[in-house]
Amino acid sequence: MKKALLIVDVQNDFCPGGALAVKDGDKIIPVINRIMDRFGMVISSQDWHPADSVHFEKWPPHCVAGTEGAEFHPDLETNKIDLRLLKGTDNKDDGYSAFEATNTSLADFLRENNIQHLYVCGLATDYCVKASAIDAVTQGFHTYVITDAIGAVNAQPGDDEKALHEMRGKGCILIESGEIQ
Ligand code: VGL
Ligand code: ZN
């Protein structure tokens, strides 16, 4: 069984002090650093928006391409990342899912590398983690969401629970980091 870890948007702007901060978003980073070695393949995604993106009609400006806010959080062990995906790069595109990355096709990459099991962690549970995990299931991958390595925007209270429920309903398997073989 070949498995990959997908680290969604662990970027400065989604961590405390950032433009669209997830509460305690940085607390998941030690968990992610600890589990990376259990995967033969580690893939990251980054929100990478142009400054004039229509996406900023819905959200405060965040993760503008090339800015400090779009960089990985400095605590993330980026030397272990094999593939860096960029998404939301078009000014008409929200790009919530890592499967919408514009520099590489994630689905093609996984198939070419014979990876059938995708483990998803990162930020944010109720947007990009959810969109990525649901796309993964829809594209036929066995998809796991690591519940102690994700964090939600929670624009409305309970959005995190709703997202977990939705992902499970679509066929994602919710697991904790300690359960990963
Ligand atoms: C995200 C809102 C807007 C995310 C990205 O990474 O979950 N959320 N852009
Ligand atoms: Zn965004």
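Predicted model: local features only at pLDDT ≥ 70, side-chain atom pairs only at ≥ 80, totals over all residues.

Colleague: Got it. Is Pro-60 buried, exposed or partly exposed, then?

Modeller: Its relative accessible area is 38%, so Pro-60 counts as partly exposed. You'll find Pro-60 in the loop between β2 and β3.

Colleague: And what does Pro-60 touch, leaving aside its neighbours within four places in sequence?

Modeller: With those left aside, Pro-60 is in contact with Ala-19 and Leu-20. Leu-20 is 40 residues away from Pro-60 in sequence, yet their C-alpha atoms are 6.9 Å apart.

Colleague: Nice. Switching to the metal: which residues coordinate the zinc ion (ligand 2)?

Modeller: Asp-47 through OD, plus His-49, His-55 and His-62, each through NE2. The distances run from 2.1 to 2.2 Å. Along the chain, the donors follow the spacing D-x1-H-x5-H-x6-H.

Colleague: Are Asp-47 and His-55 buried or exposed?

Modeller: Asp-47 has 2% relative accessibility, so it counts as buried. His-55 is buried too, at 1% relative accessibility.

Colleague: OK, now the sheet. In what order do the strands run?

Modeller: It's an open sheet of six strands, ordered β3-β2-β1-β4-β5-β6, and the pairing is parallel. At the edges are β3 and β6 (173-175), each pairing on one side only. On average, neighbouring strands are turned by 25° against each other, direction ignored.

Colleague: How many bridges are there between β1 and β2?

Modeller: Five, in the parallel sense, with β2 covering residues 41-47. If you want a spot to look at, Leu-6 stands opposite Ile-43 in β2.

Colleague: What about helix α3, which of its residues are buried?

Modeller: The helix spans residues 125-138, and its buried residues include Cys-128, Val-129, Ala-133, Ile-134 and Val-137. After α3 comes Gly-140, which has a positive phi, near 95°.

Colleague: Good to know. How many aromatic pairs does the structure hold?

Modeller: Five. One of them is Phe-39 with Tyr-119: the ring centres are 5.2 Å apart and the planes sit at 65°, so the pair is edge-to-face. Phe-39 is in the loop between α1 (29-35) and β2, while Tyr-119 is in strand β4, and 80 residues separate them. Both Phe-39 and Tyr-119 are buried.

Colleague: And what about Trp-59 and Tyr-127, how are their rings arranged?

Modeller: Their centres are 4.8 Å apart with the planes at 85°, so Trp-59 and Tyr-127 are edge-to-face. Because Trp-59 is in the loop between β2 and β3 and Tyr-127 in helix α3, the pair ties together parts 68 residues apart in sequence. Trp-59 is buried, with a relative accessible area of 14%, whereas Tyr-127 is partly exposed, with 25%.

Colleague: Back to Phe-39. Which aromatic cluster does Phe-39 belong to, and what lies over its face?

Modeller: Phe-39 forms one aromatic cluster with Tyr-119 and Tyr-144. Over the face of Phe-39 lies Lys-3, at 5.4 Å from the ring centre.

Colleague: Great, thanks for the tour!

Key:
Residues numbered from 1 in each chain as written. Chains lettered and ligands numbered in written order. Heavy atoms only, no water. Buried < 20%, exposed > 50% of the residue type's maximum accessible area, 1.4 Å probe, protein only. Helix = DSSP H or I, 4+ residues; strand = E, 2+ residues; numbered from the N terminus. Donors = N, O, S within 2.8 Å, 3.2 Å for Na, K, Ca; no water. Pairing = 2+ DSSP bridges. Axes fitted to C-alpha atoms, helices over the stretch in contact; angles between N-to-C directions. Contact = heavy atoms within 4.5 Å. Phe/Tyr/Trp six-rings, centres within 6.5 Å; stacked < 30°, edge-to-face > 60°. Lys NZ or Arg CZ within 6 Å of the ring centre and 35° of its normal.
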